[in-house]
Amino acid sequence: MDHQPKFFENLSGAGKAIAVLTSGGDAQGMNAAVRAVVRMGIYVNAKVYFIYEGYQGMVDGGDNIVEVSWESVSSILQVGGTVIGSARCKSFRTREGRLQAAFNLVQRGITNLCVIGGDGSLTGANLFREEWSGLLEELAQKGKIDAEAVKKYAYLNIVGMVGSIDNDFCGTDMTIGTDSALHRIIEVVDAIMTTAQSHQRTFVLEVMGRHCGYLALVSALACGADWVFIPEYPPEEGWEDTMCVKLSENRARKKRLNIIIVAEGAIDCHNKPITSEKVKDLVVQRLGFDTRVTILGHVQRGGTPSAFDRILASRMGVEAVLALLEATPDTPACVVSLSGNQAVRLPLMECVQMTQEVQKAMDEGRFLEAVRLRGRSFENNLNTYKLLSHKRPDAELPKTNFNVAVLNVGAPAAGMNAAVRAAVRVGMTEGHKIFAVIDGFEGFARGKIKEISWGDVGGWTGQGGSILGTKRTLPAKYLEKIADQMRTNNINALMVIGGFEAFESCLQLYEARASFEEFSVPMCVVPATISNNVPGTDYCLGTDTALNAIVETCDRIKQSASGTKRRVFIIETMGGYCGYLANMGALAAGADAAYIFEEQFDIRELQANVEHLTEKMKTSIQRGLVLRNENCNENYTTDFIYQLYSEEGKGVFDCRKNVLGHMQQGGAPSPFDRNFGTKISAKAMQWISKKLKETYRKGKVFANTDDSVCLLGMRRRNLVFQPVAELKSETDFVHRIPKEQWWLKLRPLMKILAKYKTSYDVSDSGQLEHVAMLPKEAETGAI
């Protein structure tokens, strides 16, 4: 889209007052959103107010509505829940209550409201906006305000952000708090799995979700649960028998544990509740298995927000302020939300109506309709779960006689094993034989290839690293041996899961087709690397886990710096030449600066950063955090920057440095990476099947077109297959990064939230979209 960039400097908040409140159930990440609203509001010269205790505080007024400063939101980014409190409010539901609330706002000149909450809170805000002029007239009649105030504060602007761990709001891929709630659930599941295996137990886990099964469904997908119960998709009549047969079959296959996940609102096809106790009793009575129930409860709402939720909430908070500055009396109240990795604005009431439609469909027993209304992402999760959790009998599976090889290339990345598991199981369901290649292309050349079956990949989703083994070696020096192995094992297609090396490898095989016809087969790259430096995709598998590792460490370091006061930490992150981890880590951890290769810097900028930190030490926030990408500059090394800061900060602050190293590559995959790996890999295998059918001629597979070697990536809002040959022109091979990177647009966000003056291109925001218009394919900016 060629358009003139539009910068928000033209938008001024001078003379405007913005109030922010959190309402309804709390969710991790709400504080990050509050912080972003306050800082962006102050940045554009608006007055910003906290409203404590949600709508109750708005009705009660007094000390509940307070003007805030930049420092008021310091150190809240990593705190779960909401620091400004949230309360259910009966009085706001009455006109008298809303009249009092209007009076309290007008007294302070507040006509811009940012509401963070669920659909109930947002509906209440919209009603308030519709009644606003009537409320003001009534206040004037009662003599509480004068006619001048009625004129001056004639319109109320409202922007909503959805904070809800259930992810039950239509129109947005991910609500604030959902990813963190999944982290809590998966932490518990991983812990339970070790004890369950020791005793050959069955565990029934109850997770939150009274009206929405998102948490149950995604956690079932992320841990490979044996069975899941959700409100939108009740089990068929006779499910008790089917489930028990499945559980006993799994035990017969030497599986030592069973995990069953139940959403608290789970129902059967007659709308009767299915409780965790009922499921436990059924398993004990029918199968006699040692069975335990664990109800997760409010653990899911607690704890620190994940990196994803912090970045999401920070982006949404800034977008909300921009929406308020641009609002006119004619713009409808909107919600800022996420579609793919794009921030979008949607009419609030359209989203609310769509959300209520889902509930209506469920109440009336139209469950397929309910699943469809939940959105493409929910539907895909459900279909993928069904595909991967139940092995159909061999007699029912098609037989294609195609052999597909799966291998890992490059450095290990969390989520690789989830991707291999999905590839194996989807491939088998499609009727292929799946071969696992050990140790990448080096192993391939040495003939380390074995057939792999459904049961072999059980329990792989939660494992970090690469079980198949991975090497950085490119195929160029082994072409002949690899061609030999492909011929010997009759390999008809390749699925390569890995980082920049995986992309380069498939490019080399594609270019060697003229010499070796064995390479004229469909090949698909599934991008997996913590560096997020693969062309053709906005996200790589493993990046989210690495980002969480960085943010967790930064939180601890910030805490230690707060204790000692006047201390600045310099932290070095991985990523090769790609600054994604440093930049996004800085945004999620609330850092003061991030040095990256993509944005060249000189000694003057380093000096300016030191001065900025010197000023900061005069305030109540006496600590600093600076991230540096490992290859951002060959001369300004981590040691150099550390020494420079130490020298220049003498007498004002002292310095420490920390190189995070390989801890960023390790650890159990995050829920996002488990799911993203599972879904993207399943899609890749389905594409391979399609290509195999298209290129099968006269008893053999012959694929020699550009579009038979593709990389499956996420671009803006869609998952797309792109020929590696076409991606060549988009790649900087010297520095192993794409020539254009979407996240650089978010760089000013980090600077604004750290109090630097900067330009922020807002060309992408500002258009109000409609719920129905969101692309059908809108897949995972979330999971």
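Start at Cys-170: its relative accessibility is 4%, so it counts as buried (under 20% relative accessible area; exposed is over 50%, partly exposed in between, with a 1.4 Å probe and protein chains only). Its sulfur lies 7.9 Å from the closest cysteine sulfur, in Cys-351, too far for a bond.

This is a predicted model, in which local features need pLDDT of at least 70 and side-chain atom pairs count only at pLDDT 80 or more, while totals for chains, interfaces and linings use all residues. Residues are numbered from 1 along each chain as its sequence is written, and side-chain values use heavy atoms, leaving out hydrogens and water.

Next, select Cys-524. It is buried at 0% relative accessible area. The closest cysteine sulfur, in Cys-710, is 6.8 Å away, too far for a bond. The structure has zero disulfides (cysteine sulfur pairs within 2.5 Å).

Now the salt bridges (a side-chain nitrogen of Lys or Arg within 4 Å of a carboxyl oxygen of Asp or Glu). The count is 41. Pick Arg-201 and Asp-290: their closest N and O atoms are 2.9 Å apart. This pair links distant parts of the chain, 89 residues apart. Arg-201 sits in the loop between helix H6 (178-199) and strand S6 (202-207), Asp-290 in the loop between helix H9 (276-287) and strand S9 (291-295). Arg-201 is buried at 15%; Asp-290 is partly exposed at 31%.

Move to Glu-647 and Lys-650, bridged at 3.2 Å. Glu-647 is partly exposed, Lys-650 exposed. Then select Arg-95, Arg-98, Glu-131, Glu-138 and Lys-142, a salt-bridge network.

Finish at helix H1, residues 30-43. Of its 14 residues, 13 are buried, so the rest of the structure largely encloses it. Asn-45 follows, with a positive phi near 70°.

Key
Helix = DSSP H or I, 4+ residues; strand = E, 2+ residues; numbered from the N terminus. Expected span 1.5 Å × (residues − 1).
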